[in-house]
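Please read the briefing below alongside the sequence and the coordinates.

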Amino acid sequence: MMGRADAVLGVAGRIGAAVLLAAFVLFLVAPVVVIVLMSFTDQLYLTFPPTRFALRWYASAWEQSRWLRAAWNSIQIGTATALASVALGTLSALAVTRGGRRWLLPFGSLVVAPMMLPHVIIAIGLYPTMLDLGLSGSYAAVVIGHTVVATPLVFTTVAAALRGYDHALELAARTLGANGWRTFRFVTLPMIAGGLLIGGIFAFAVSFDELMLALFLAGPRTETLPRLLWEHLAQSVTPTIAAVATLILAFTLLLLVAAETLRRRKAVEPPP
Amino acid sequence: MAGIGRAAKPWTLGRGYLLLLPLPCGFLAVFFVWPLLRVVLRSVLDPRPNFSNYAKVLGAGPYAHILLYTIEIAALVTAICLLLAYPVAALTARMRGGALQVMTGLIVASLWTSAVIRSYAWLILFQRYGVVNQALIALGLAGAPVRILQTTTAVAIGMVHVLLPFMLLPLIATMRRIDPTLLRAGRILGAAPVRLFLRVYLPLSLPGVNAGVALVFITSLGFFITPSLLGGGRTTMAAMIIEEEADTYLDWPLASAIATILLALTVVIYLAYGRLARVEVTRSLR
Amino acid sequence: MTRGASVEFAGVSKQYGLVTALRPTSLVIAQGEFFAFLGPSGSGKSTLLGTVAGFIPPSEGRVLIEGSDVTAMPPHRRNIGMVFQNYALFPYLTVAQNIAFPLRMRRLPRGEIARRVDRALEMVRLGDFGGRMPAQLSGGQQQRVALARAAVYDPPLLLMDEPLGALDKTLREEMQEELRQFHRVVGATILYVTHDQQEAAAMADRMAIMNHGAVEQAGPPRDLYARPENSFVARFLGEANVLRVVAADPVAAGRLHLRTEEGPALLACGSPPAGIACIRPEDIAIAEAPIERENCFRGRIVDIVHVAGSIRYSVAIAANCTLSVRVRSDRRTAVLPMDAAVHVGWDAQDALVLPS
């Protein structure tokens with residue numbers, strides 16, 4: 001597995017490398033594992049290692065309707081964000097990769113920019129804008145905020161998919177009698193479907209995890225899971241939070257596995 | 001005449017695709033460009049059109065100190081990330097098959113794990129009677145529980161944990177492109193390992209280093225969640241003070257001024273990094 | 001059999017900012033003609049083809065197909081068939097679905113589509129391959145699918161952009177034969193872009209040599225070879241020994257005495273202005289003994305290359321003047337040795353005098 005490393009590293013080097021990797025993996029994984037284990041405690045406060053296994057904190061989370069409503073809000077907002085980001089990201093990616101104008105490249109950088117900026121700057125800019133539009137605290141406000149920061153991910157995955165195949169396919173479709181829309185529908189869309197779906201999943205994940213914009217743009221009715229989590233963290237550190245965190249972790253991991261499976265399938269076999 | 005001839009196939013359906021622009025353009029204009037502009041404008045126009053907000057930020061008081069501290073901690077976190085990630089990435093880049101998949105899987109999964117949750121995990125670990133203190137006492141490294149939370153150490157460890165994937169992924173990507181035959185050729189030509197590393201491996205991995213450093217540093221500057229949870233009350237970073245001034249004290253002009261400085265810092269580094277990366281690419285081609 | 005459409009370029013040009021991709025070009029291509037555009041990359045031939053397909057709006061001028069102005073018409077309404085360099089087959093559709101694509105776009109009834117697809121598959125001898133995916137076919141087979149797809153709706157005009165560029169040499173020559181056959185059967189006008197002069201000369205009824213965004217000369221391949229109008233055409237088609245003329249003195253009617261930059265002075269047929277003199281390698285005779293021609297020089301063989309059916313000698317006749325000489329050869333031909341002192345010669349009428 002480490003093939004060539006052996007020759008370069010030598011025995012002492014190999015042991016050192018193994019220790020380093022083990023320490024790294026421990027550092028990366030341990031904190032998350034601790035949370036998961038603690039969520040199963042039967043105590044009133046967080047203990048590690050848990051003395052007895054119990055699901056009482058999961059039950060407690062389930063019983064508090066606020067958690068459920070926040071989760072439902074997050075799923076709704078995440079789905080709407082994914083749809084909006086896919087639409088905007090795909091439109092921008094098509095224009096930038098196929099438009100054939102030099103000034104489109106800076107436009108591409110502008111589309112990607114929100115990914116690089118601290119969310120707090122975007123948040124304090126969007127807050128008064130939403131007030132002006134009468135959207136403050138609404139679902140639309142949060143969805144729009146999340147779409148601003150999630151679109152770059154869709155843009156980059158879709159643009160990569162568009163650059164990944166010969167643009168002559170679309171030219172060919174046009175000469176064969178397909179108009180602009182049908183060229184997109186019957187050629188471009190089948191070619192980028194995988195990238196589109198992966199971009200959508202990423203966008204959902206970004207929204208599902210986003211805190212800062214939700215703090216400024218969401219209202220009591222539209223509060224998201226990260227925001228509620230944040231509020232609870234500021235007050236107390238109960239095992240309920242560990243249970244909720246574990247559920248969120250599991251859900252995110254599931255999304256990631258879905259995206260990865262899609263990516264693999266796309267890489268291995270040509271699209272049907 | 002400026003010149004004749006162009007790339008082989010200048011065929012496009014350009015005009016049609018340009019019709020797709022108004023929607024994303026409009027969205028970005030209303031919900032990204034205008035809000036940012038608004039922050040910048042408010043910082044100089046509110047309450048009066050002058051630079052009093054900046055005078056307040058840069059003058060006496062906690063703000064200038066917080067900005068400096070933010071840059072310091074971002075630099076510290078970036079340095080630690082680089083030192084930790086470089087050897088790990090170099091080892092990962094050599095892996096094949098299952099081991100490589102497990103490593104990249106771990107890194108990507110970590111990237112996608114909520115920052116709130118990961119910081120919360122460290123919050124628990126670092127508590128007065130938490131796992132870390134128990135371990136320190138058990139190992140005899142401390143006689144009594146040490147205060148870890150609310151220190152720069154705690155903030156730095158938490159941020160490094162969250163940001164490591166941003167350093168690792170570009171490093172691994174660059175290192176995997178380094179041709180192993182180059183290293184073998186160097187060995188055969190008799191270069192000592194240290195020389196080989198300094199003359200061959202390090203220069204070839206520099207584009208990845210640049211990308212990783214820029215990414216981690218820029219992201220660190222805007223960090224909010226981790227420093228709030230792990231440093232809350234004692235160590236304050238720029239994003240925290242912006243949020244606080246806006247949300248708690250409703251001093252939007254001041255928050256806007258700090259945000260504008262943070263924005264300018266981010267953009268400058270981003271532009272400088274772009275140039276740097278291009279230089280690196282052309283140099284590595286030579 | 002389809003009646004081919006005529007194509008007319010009326011002052012078509014293309015500018016990208018300050019860059020000129022195509023200078024004003026006027027050209028008429030007759031119904032049913034196999035017309036090749038030949039030139040190096042960046043010469044404007046793809047730009048010209050793009051204006052016919054509708055991928056490039058000309059900066060000035062008009063494109064007419066069968067007499068009607070299509071300059072502003074979108075590509076999908078032009079009813080043109082096009083074969084692309086890398087075939088541009090849809091990778092997620094089967095061969096039959098690929099060929100059916102243009103018929104579906106034209107909303108033909110299902111039965112009609114099936115019938116036409118079968119006929120097209122037969123025409124390109126891929127009858128059993130309808131269910132395959134393009135990736136499962138060889139390069140030559142993909143090429144034939146692309147051809148079938150472009151022709152299945154009987155377009156009166158077919159555009160081909162280096163369609164054989166991705167094939168290896170033997171297959172390319174086979175496909176040339178097949179394309180000519182195809183042209184005879186289908187009857188459509190074909191505009192064919194290539195940078196391979198042998199390919200163009202082998203297939204085209206007429207061709208246009210392009211350079212620096214303009215047509216240098218157009219006509220049947222044979223005429224272009226025999227009577228190039230300038231040095232670019234002379235050099236681009238076949239080989240040519242080019243000597244730069246520094247002074248030209250008329251010695252008799254239609255005959256010039258030329259002094260050249262390279263040294264040798266020679267007699268040639270032609271009239272001023274004389275910029276260069278071109279002599280085809282196969283028009284030069286070579287022997288050890290002096291040669292009875294109007295121009296004869298002593299020289300030394302500096303290189304010998306054997307090609308199928310002929311030998312090419314490089315003969316140095318002056319300090320910076322080396323001529324290429326080609327003689328037909330078979331198994332019995334005696335090969336002159338390297339470094340041999342030889343004579344080369346040609347008649348005045350073998351040297352072409354061109355303005356530049």
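In strand β19 of chain C, C:G345 is the bridge partner of C:A285, in a model that is predicted rather than experimental. Helices (H or I, at least four residues) and strands (E, at least two) are DSSP runs numbered from the N terminus, and two strands pair if DSSP finds at least two bridges between them.

**Strand β19 of chain C and its partners**

- Strand β15 (residues 285–287) of chain C pairs with β19(C) in the antiparallel sense, over 3 bridges.
- Strand β16 (residues 295–307) of chain C also pairs with β19(C) in the antiparallel sense, here over 6 bridges, and within this pairing C:N295 stands opposite C:W346.
- Strand β19 (residues 341–346) of chain C is mostly covered, since 5 of its 6 residues are buried, where buried means under 20% relative accessible area, exposed over 50%, and partly exposed in between (1.4 Å probe, protein chains only).

**The five-stranded sheet of chain C**

- An open sheet of 5 strands in chain C has the order β13-β12-β11-β14-β20, with antiparallel pairing.
- Its edge strands are β13 (265–269) and β20 (351–354) of chain C, each of which pairs on one side only.
- Neighbouring strands of this sheet are turned by 45° against each other on average, direction ignored, with axes taken as lines fitted to C-alpha atoms (for helices over the stretch in contact) and angles running from 0 to 180 degrees between N-to-C directions.

**Strand β12 of chain C and its hairpins**

- Strand β11 (residues 241–252) of chain C pairs with β12(C) in the antiparallel sense over 6 bridges, and C:P250 stands opposite C:L256 in β12(C).
- These two strands, β11(C) and β12(C), form a hairpin with 2 residues between them, and C:G254 in the turn has a positive phi of about 70°.
- Strand β12 (residues 255–260) of chain C pairs in turn with β13(C), in the antiparallel sense over 5 bridges; C:L258 stands opposite C:L266, and C:H257 has C:L267 as its bridge partner.
- The hairpin of β12(C) and β13(C) has 4 residues between the strands, and C:G263 takes a positive phi near 125° there.
- The covered face of β12(C) carries C:L256, C:L258 and C:T260, whereas C:R255, C:H257 and C:R259 lie on the uncovered one.
- In a regular strand the side chains alternate between the two faces of the sheet.

**Chain A: an enclosed helix and overall values**

- Helix α7 (residues 168–175) of chain A is largely enclosed by the rest of the structure, because 8 of its 8 residues are buried; among them are A:E170 and A:R174.
- After α7(A) comes A:G177, whose phi is positive, near 110°.
- The secondary structure of chain A comes to 11 helices and 0 strands, and its C-alpha trace spans about 70 × 65 × 35 Å along the principal axes.
- Buried residues make up 56% of the 272 residues in chain A.
- Of the contacts in chain A with a separation of 6 or more, 71% are between residues 24 or more positions apart, a contact meaning heavy atoms within 4.5 Å.

**Conventions**

- Residues are numbered from 1 along each chain as its sequence is written, while chains are lettered from A and ligands numbered from 1 in the order in which they are written.
- Local features need pLDDT of at least 70 and side-chain atom pairs count only at pLDDT 80 or more, whereas totals for chains, interfaces and linings use all residues, and side-chain values use heavy atoms, with hydrogens and water left out.
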